[in-house]
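Subject: Structure handover

Hello,

Here is the structure for you to look at. My notes on it follow below.

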Amino acid sequence: MTTTSYLILAAAVLVFIVIFQISKASEYVSTLKGEEKSNKQTNRINGFLLLGFMIVGFIGVWYCNELLYKQTLFPQGAASEEGEKIDQMFMITTAVTGVVFILTQFLLFYFAWKYQAKEGRKVFYFPHSNKLELIWTVVPAVFLTVLVVFGLKFWFRITSDAPKNALTVEIVGRQFGWIMRYPGKDKTFGKTNFRAISDEKGNSLGQIWEDNTDLKLKSDPANYDDVVTTQTMYIVKGRPVKLIIGSRDVIHDVGLSHFRLKMDAVPGIPTTLWFTPKYTTKEMKERTGNPDFVYEISCDQMCGNGHYSMKGIIEVVTQEEFDLWMAKQKPNYFVANPEKDPATQQQATPASDTSSVKIAAVTNGK
Amino acid sequence: MSIETTHVHQSGVSHEAHHEVHHGHHHETFLTKYVFSQDHKTIAKQFLITGMFWALVGGFFSVIFRLQLGFPDAKFPWLEDLLGEWARGGQLQAEAYYALVTMHGTVLVFFVLTAGLSGTFSNFLIPLQVGARDMASPFMNMLSYWFFFVASIVMLSSLFVQTGPFSGGWTAYPPLSALGQASPGSKVGMDLWLVSMALFVVSSLLGGLNYIATVLNLRTKGMSMTRLPLTIWAFFFTAVLGVLSFPVLFSGFILLIFDRHFGTSFYLSDIYINGQALPNEGGSAILYQHLFWFLGHPEVYIILLPAMGMVSEILSVNSRKPIFGYMAMVGSLFAIAILAFLVWAHHMFVTGLNPFLGAFFVLLTLLIAVPSAIKVFNWLTTIWKGNLRFTPAMLFALGFVSLFISGGLTGIFLGNSSLDIHLHDTYFVIAHFHIVMGVASMFGMFAGIYHWFPKMYGRYLNNTLGYIHFWATMIGAYLIFWPMHYEGLAGMPRRYYKYDIWESFKQFGTLNQFISVVAVIVFLVQILFLLNFFYSIWKGRKVTTLNPWSANTLEWTTPINPGHGNWEGEIPEVHRWAYDYGKDGKEFIPQTTPVSADESKH
């Protein structure tokens, strides 16, 4: 330990001793003064402090909101149509609970201050009142019913089936990163099996693209055009996107805070989630005034020591940009098996391929 | 009173024998009196002091990881002295961060707020307040503590194994907790965690069965169930919750042990990890979550109900006014206990749970707000038109109500599945449960300690230190946890080692620093409380009257320092409920006072 830390430690111990001694002395003083008298005094002080705590507390709540509201996601609004519902639900709930909060906290501290012990005060012997108890059973029940009705309305909407025209993307979590797959031209995902996974062979999802007698797997041709990328997902503004979520190892969670959504990624049990992005990434940069803005996928389920770094990116683009991007992608089958790729066989090496090759390299390296 | 005599016979402490103890210390050795004691009061103190040790450890863990969160780039050379490899170059490592977070959760939830709170006060107050000489089975009661002690030793030892203690979060979700390949903490550290928790479940069941049996069978003459103080009702429901839910957790752990060591696939399926596909197929990782939360949610109430019970009692005593709506208070405790078993899946809204099923859990979860609201309004009415004495216990009780309101209301956000989608696993959740379950229950525990310390040790705690303790903790708790709601509203995920690579969450650096500084101060204030506690055991101001708070309940009819057996003569008979304060102009009427002819009815 350094000298400074010893000094800090010594100072802390000293403060402790001082507080302790003062408290002990105050106890002697109160015994000398007479317990009743000193009790009265501390009662008054604490009554005053309780009232003060309430007033300062309410101001603090307001000040905290002033200070931090702009750092939340609300000023920029939800980036998906479904998220707007959730924001709306949040506001309804805040309004209802806010009233209750102010009312009950006020009564608690006000009563404490108002009815602090006074000599000669007769307490009101009031053991029960059926009427009052009925009121505060029924009134909260009614308010909660309202919240449940709204909440479930949104809940069923958000968890309903995705629209038919939705873009479908598979997203798979692994320690500690994300793998995405697009179904390709046939709009069908090829079958996968976790036993077929091989990072060395560039098959990070276990796509079944060749027969395997050991595992009794039959090659699925739907795999040949599936595009696999890592870390960054491209989706289209205004077009619903349906995520098919899975995990290779432990439980992860696809957290999409800007879209107000999240869903666990569970090994062996695929889950789904759909939403409609409202703004492109570029638009969000302007809306938030932050040139570095990106939609981030955060892993929201503890998944190991690298949990905090398990980040993915969502690029929301226009349909044209998306088509352009997709056209540059090479199906994973050909990335992993270049000898089978008609493009390589023709000795053509279009510059546009580099991006997907690089991504594949990253996948292989991990 | 046949029950009473048989019981006295069982525990071997008739009041004659007790008399002898007082004069001659005849057959009690140091070992039987302080270590392997069967006296419920000593066992309560053992639970309390072990709980304090764990609170100190768990609290210190939070200080270390708060330093990391507040000052992710700072170097603390003393950390390396303390933690060695875990803090290479004075920088807390990710694996250490996760180990500390996990241990903080486990220790505080189970060892402090379950054993330390319910273990202490159920043990101490049930026999004293129902009018029994001891628990139904003092021997089982002793075993309960020693199982907890062994569980503590095992958990403590896991801190020192080379691969570190378990680090996958206190909920221990598989596959992370099932696979050593997934995380170093899931190796031998997890085995020790499971063994410790299994022992803890045993301890908890032994204790719980005893509490139930004692409340049902050993009440003194005249103590009908509806005359029980609310503390006892709360401990009773707590014990029932524990007895019904801990076995489910236990079964979940057994299956996990099988998956870890015996090649079963209860929770495992389709896993490819470290370049290898595992043979497991057909299991469900979600199954564990159902089993865990079937305990996990009642556990929240196992922690909270005792605090509620003690707060009800302390508010009434120090308002000099009866608790308002006694039957409604018992009814709401009952309703909470029932509903506690029907809401577990609200922790699982985003696991892919069937949305239709989720809807029922939303409904039942928000239903809990009704009995909770009843309790709050009844507490408010209890202090209304009272004559309030602000003892440290009373202040902590008032603080409990304030925190319970604040944290309870945010539960309405999280219980609504559609909002939970956004808020799940963010700092909003951290803020919610720390306020409503962590700090509020801690306040209930502090209130209990300040209130019953005179009965425990025949001395008072220092009041001035008590007031400093209360105000610093109250203000600190709100300063720490209130702003965290806003971090949650920004979607900031919990259990992150650092946030600097995240464009969406890195704006809270200053706030995190602020929270960490307050957390350190609040922790130091708790040490002040511990000093006060241990100093006062030996040097505190002596209690000179039998009933220092002018309370009605039976424990204040025992001698100032009650021996094993509690009452020197006959156990007193009870003639009324515990809350006749301010009735007919009388300040208080103890439960032992017969109802006089001219007394008004209520």
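Ser298(A) stands opposite Lys311(A) in strand E10 of chain A. The two strands concerned, E9 (residues 295-299) and E10 (residues 311-317), pair in the antiparallel sense over four bridges. Strands here are DSSP runs of at least two residues (E), helices are DSSP runs of at least four (H or I), and both are numbered from the N terminus. Two strands pair if DSSP finds at least two bridges between them.

This is a predicted model: local features need pLDDT of at least 70 and side-chain atom pairs count only at pLDDT 80 or more, while totals for chains, interfaces and linings use all residues. Residues are numbered from 1 along each chain as its sequence is written, and chains are lettered from A and ligands numbered from 1 in the order in which they are written.

Around E10(A)

E10(A) also pairs with strand E4 (residues 232-236) of chain A, this time in the parallel sense and over five bridges. In that pairing Ile235(A) is opposite Val316(A). Gly312(A), Ile314(A) and Val316(A) make up the covered face of E10(A), and Lys311(A), Ile313(A), Glu315(A) and Val317(A) the uncovered one.

E6(A) and its partners

E9(A) is joined by two bridges to strand E6 of chain A, and these two run antiparallel. Ser298(A) in E9(A) is the bridge partner of Gly255(A). On its other pairing, E6(A) runs antiparallel to strand E7 (residues 261-265) of chain A over five bridges, with Val254(A) opposite Met263(A). E6(A) and E7(A) form a hairpin with four residues between them, and Arg260(A) in the turn has a positive phi of about 65 degrees.

How enclosed is E6(A) (residues 252-256)? Five of its five residues are buried, so the strand is largely enclosed by the rest of the structure. A residue is buried if 20 or more other C-beta atoms lie within 10 Å of its own, exposed if 12 or fewer, and partly exposed in between, with C-beta atoms placed from the backbone. His252(A), Val254(A) and Leu256(A) point one way from the strand, and Asp253(A) and Gly255(A) the other way.

Gly255(A) has 27 C-beta neighbours inside 10 Å and counts as buried. Leaving out residues up to four places away in sequence, Gly255(A) touches Lys262(A), Ile297(A), Ser298(A), Cys299(A) and Asp300(A), and also Gly491(B) and Pro493(B) of the other chain. Contact means that the C-beta atoms of two residues, placed from the backbone, lie within 7 Å.

Trp274(A) is found in E8 of chain A. Trp274(A) is buried, with 22 other C-beta atoms within 10 Å. Beyond its neighbours within four places in sequence, Trp274(A) is in contact with Ala162(A), Ala166(A), Pro240(A), Val241(A), Lys242(A) and Leu243(A). Its C-alpha atom is separated by 27 Å from that of Tyr333(A), 59 residues apart along the chain.

Chain B: H6 and H8

The axes of helix H6 (residues 94-130) and helix H8 (residues 188-217), both in chain B, come within 10 Å and cross at roughly 20 degrees. That makes H6(B) roughly parallel to H8(B), a term for angles under 35 degrees. Axes are lines fitted to C-alpha atoms, for helices over the stretch in contact, and angles run from 0 to 180 degrees between N-to-C directions.

Among the residues that meet are Phe110(B), Thr114(B) and Ile126(B) on the H6(B) side and Phe200(B), Gly207(B) and Tyr211(B) on the H8(B) side. By class, this contact has seven nonpolar, six polar and no charged residues. Ala, Val, Leu, Ile, Met, Phe, Trp, Tyr, Cys and Pro count as nonpolar, Asp, Glu, Lys and Arg as charged, and the others, Gly among them, as polar.

Between the chains

107 residues of chain B are in contact with 102 residues of chain A. The chain B side of this contact divides into 65 nonpolar, 29 polar and 13 charged residues.

Regards

Methods:
Angles under 35 degrees count as roughly parallel, over 145 as roughly antiparallel, 65 to 115 as roughly perpendicular and the rest as oblique.
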